[in-house]
Amino acid sequence: MKVLLVDDEKEFVSALAERLSFRGVDAHWTASGEEALRMAKDGRYDLAVLDVKMPGLGGIELRKRLHEMQPGMRFIFLTGHGSQEDFKVGSEEASFYLAKPLKIEALMEKIRETLNR
Amino acid sequence: MTGTAKTLAAEGLAFFGRMNAAISHDMKNVLAIINETASLLDELMELQQDGQMEPNPDKLRTLSRRIVQQVERGQNVITNMNAFAHSIDVPVREVDLVRVMNVMAVLSRHFATGKTLDLDLPNEGPRVTTHPFFLNDLIHHTLNFAIAAAGPGKRIGVAVKASDEGGEIVFSGLAKIERTFPSEIAATLAQVLGVEIVVDAGLIRLTVPAKMPAEIELG
């Protein structure tokens, strides 16, 4: 499975991508929503893991644009807020949310769940 | 309680809530990086010990240093959070405007997504007698407005200097300002604090008096 990870905290997302790769995930990462759109233009992804709050293009808007480019792409949101607003993103079709800091096993389970939906 | 006091009481709670949410979000990011980096370090060491990966001490060192940096980042947030929390200890007291601005700049980073604050702050600033908590709140409102109005370079200049009246905080680099400033609540805060707000040609200037007016009852 090919996964796109997007989070403006570069140290977080690069480490997460590497740990997912140890678990057999073809993980690609970027710290910018705009760069994520360029990456999606160049390759197909099964799923994207997006930080909700990012400078420039935020997670919610990024999801809309990625979905337009690749309708089959599934989404998981990462959030550091834990507020009711964040829970709402989990109600979007084919989307889940996870709170940071996260457990890699929980993310792997959400990835499997999301792709099997 | 007067109308102004009621307004400020409600605004004070709302401000406290907004800042706590921002601080907790920043700390969650710090903990997320430490968690991910420490876990990666652990997994890399195991893979290298098992012979499944070539030893790479440089990488391990980079990752461990990253953890230390994030601890320092978290410490910085907490130190400034503590300063903010104590701004309510004594309602009216003397403060250094540079120190006030430094604390608010760190704590407001959460709201400045995509923009950069260029701080032009001397080591020591003008000292004024004011209500620190509500001055923080007014600065927060002004900074939020400046962030939203930042020009194409997305950089906001923040300068603090002494003035004949007391001290000045100037936010520059603003593009065409389409919304009006100050808002009603910012205007109330400015009135209570005796702060003069000037919006002009890409900047906002807050002139903080050496001593805030004593006649307004905050309740």
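Where is B:Ser39 found? In helix α1 of chain B, which covers residues 3-49. A word of caution before I go on: this is a predicted model.

Staying with that serine, is B:Ser39 buried or exposed? Its relative accessibility is 19%, and buried means under 20%, so B:Ser39 counts as buried. Its side chain reaches the backbone oxygen of B:Asn35, at 2.7 Å.

Next, helix α5 of chain B, residues 184-193. This helix is mostly covered, with seven of its 10 residues buried. Those are B:Ile185, B:Ala186, B:Thr188, B:Leu189, B:Ala190, B:Val192 and B:Leu193.

Now chain A, and a pair of helices. Two packed helices are described by the angle between their axes and the distance between the axes. For α2 (residues 33-42) and α3 (residues 59-69) of chain A, the axes come within 10 Å and cross at roughly 10 degrees. Angles under 35 degrees count as roughly parallel, so α2(A) is roughly parallel to α3(A). Which residues make the contact? From α2(A), they are A:Gly33, A:Ala36, A:Leu37, A:Ala40 and A:Lys41. From α3(A), they are A:Leu62, A:Arg65, A:Leu66 and A:Met69. By type, the residues of this contact divide into six nonpolar, one polar and two charged.

Key
Residues numbered from 1 in each chain as written. Chains lettered and ligands numbered in written order. Predicted model: local features only at pLDDT ≥ 70, side-chain atom pairs only at ≥ 80, totals over all residues. Heavy atoms only, no water. Helix = DSSP H or I, 4+ residues; strand = E, 2+ residues; numbered from the N terminus. Buried < 20%, exposed > 50% of the residue type's maximum accessible area, 1.4 Å probe, protein only. Polar contact = N/O pair within 3.5 Å; in protein donor to acceptor, adjacent residues only side chain to side chain. Axes fitted to C-alpha atoms, helices over the stretch in contact; angles between N-to-C directions. Parallel < 35°, antiparallel > 145°, perpendicular 65-115°, else oblique. Contact = heavy atoms within 4.5 Å. Nonpolar A, V, L, I, M, F, W, Y, C, P; charged D, E, K, R; others polar.
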